[in-house]
Amino acid sequence: MLRIVHDRLTAEEFITLWSSVWDGAPSIEQAELAMKNSLFRVTVFDGDKPVAMARMIGDLGLCCYIKDVIVLPGYQGKGIGRILMEELIGFVRSHGVPGTAVSAELCAMPDKMPFYAKFGFSANEAQRMRLFIKAK
Ligand SMILES: CC(C)(COP(=O)(O)OP(=O)(O)OC[C@H]1O[C@@H](n2cnc3c(N)ncnc32)[C@H](O)[C@@H]1OP(=O)(O)O)[C@@H](O)C(=O)NCCC(=O)NCCS
């Protein structure tokens, strides 16, 4: 039985789910700050086990950014990614300024673009630019 939980994703759960699909997980201190400053976090549990997560950052008035959409490998292909995306989109629908549109952005590898396209996301000519800023 799957359970959807809002705004409870912990730094430890974040790191565990991250590490199930990607290398280079952040430190616990980095993840704690990221959880604290996220606009919205969603976790899907199978019983007591966290099996998927996603989060959103941004201002909600004008824009938001979708980050870290991850389904544990053994749980992929069962509709859980769709649950995550619907929760994120639903959060903006419920909390944005009524009658206005909020720009939702994300960064996707080419093989994941068809997944996001299912929810209406499309690419434009803008390119992602990135800089890792070292904190003192
Ligand atoms: C991408 C990811 C979140 C998808 O989650 P999922 O639970 O496997 O997806 P779902 O089963 O909910 O699929 C929803 C729909 O998207 C489709 N879909 C899922 N992944 C797809 C892909 N890579 N390409 C094309 N379609 C895809 C499914 O077929 C399904 O279509 P349908 O609703 O019409 O039947 C998951 O594969 C994942 O966690 N990958 C590793 C982490 C990652 O790369 N995250 C994305 C960062 S950009």
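Let's start in the middle of the protein, with its largest nonpolar core, which has 34 residues. One thing to keep in mind: this is a predicted model. Which members of the core touch the most other members? They are Phe14, Met56, Val69, Leu84, Met85 and Leu88. Where does the core come from? Helix H1 (11–21), helix H2 (28–36), strand E2 (40–46), strand E3 (49–58), strand E4 (63–71) and helix H3 (80–95) each give at least two residues to it. H3 makes the largest contribution, with 6 residues. As a general background point, nonpolar side chains in soluble globular proteins tend to be buried together.

Now let's pick out Leu84 and look at its contacts. Leaving aside residues up to four places away in sequence, Leu84 touches Val42, Val44, Ala52, Met53, Ala54, Val69, Ile70 and Val71. Keep Val44 and Ala52 in mind, please, as both will come back in a moment.

On to the sheet. In what order do the strands lie? The sheet is open, has 5 strands, and runs E1-E2-E3-E4-E5 with mixed pairing. At the edges are strand E1 (2–6) and strand E5 (103–105), each pairing on one side only. From one strand to the next, the twist averages 20 degrees. If pairing is new to you, strands of a sheet pair through backbone hydrogen bonds, either parallel or antiparallel.

Let's zoom in on E2. Is this strand mostly covered or mostly open? It is mostly covered, with 6 of the 7 residues of E2 buried. E2 pairs with E1 in the antiparallel sense, over 5 bridges. E2 and E3 also run antiparallel, and 7 bridges join them.

Here is Val44 again. Its bridge partner in E3 is Ala52, and Ile4 stands opposite Val44, which belongs to E2. Another bridge pair brings two arginines together: Arg41 has Arg55 in E3 as its partner. Between E2 and E3 there is a hairpin with 2 residues between the strands, and there Gly47 takes a positive phi near 65 degrees.

Last stop: the helices H1 and H2. How do their axes meet? The axes come within 8 Å and cross at roughly 110 degrees. Angles from 65 to 115 degrees count as roughly perpendicular, so that is how H1 and H2 lie to each other. Their crossing is right-handed. On the H1 side, the contact is made by Ala11, Glu12, Phe14 and Ile15, and on the H2 side by Ile28, Ala31, Glu32 and Met35. Phe14 brings us back to where we began, as one of the core residues that touch the most other members.

Terms used: Residues are numbered from 1 along each chain as its sequence is written. This is a predicted model: local features need pLDDT of at least 70, side-chain atom pairs count only at pLDDT 80 or more; totals for chains, interfaces and linings use all residues. Side-chain values use heavy atoms; hydrogens and water are left out. A nonpolar core is a set of buried Ala, Val, Leu, Ile, Met, Phe, Trp, Tyr and Cys residues joined through side-chain atoms within 4.5 Å. Buried means under 20% relative accessible area, exposed over 50%, partly exposed in between (1.4 Å probe, protein chains only). Helices (H or I, at least four residues) and strands (E, at least two) are DSSP runs, numbered from the N terminus. Contact means heavy atoms within 4.5 Å. Two strands pair if DSSP finds at least two bridges between them. Axes are lines fitted to C-alpha atoms, for helices over the stretch in contact, and angles run from 0 to 180 degrees between N-to-C directions. Angles under 35 degrees count as roughly parallel, over 145 as roughly antiparallel, 65 to 115 as roughly perpendicular and the rest as oblique. A crossing is left-handed if the near helix is turned anticlockwise from the far one by less than a right angle, and right-handed if clockwise.
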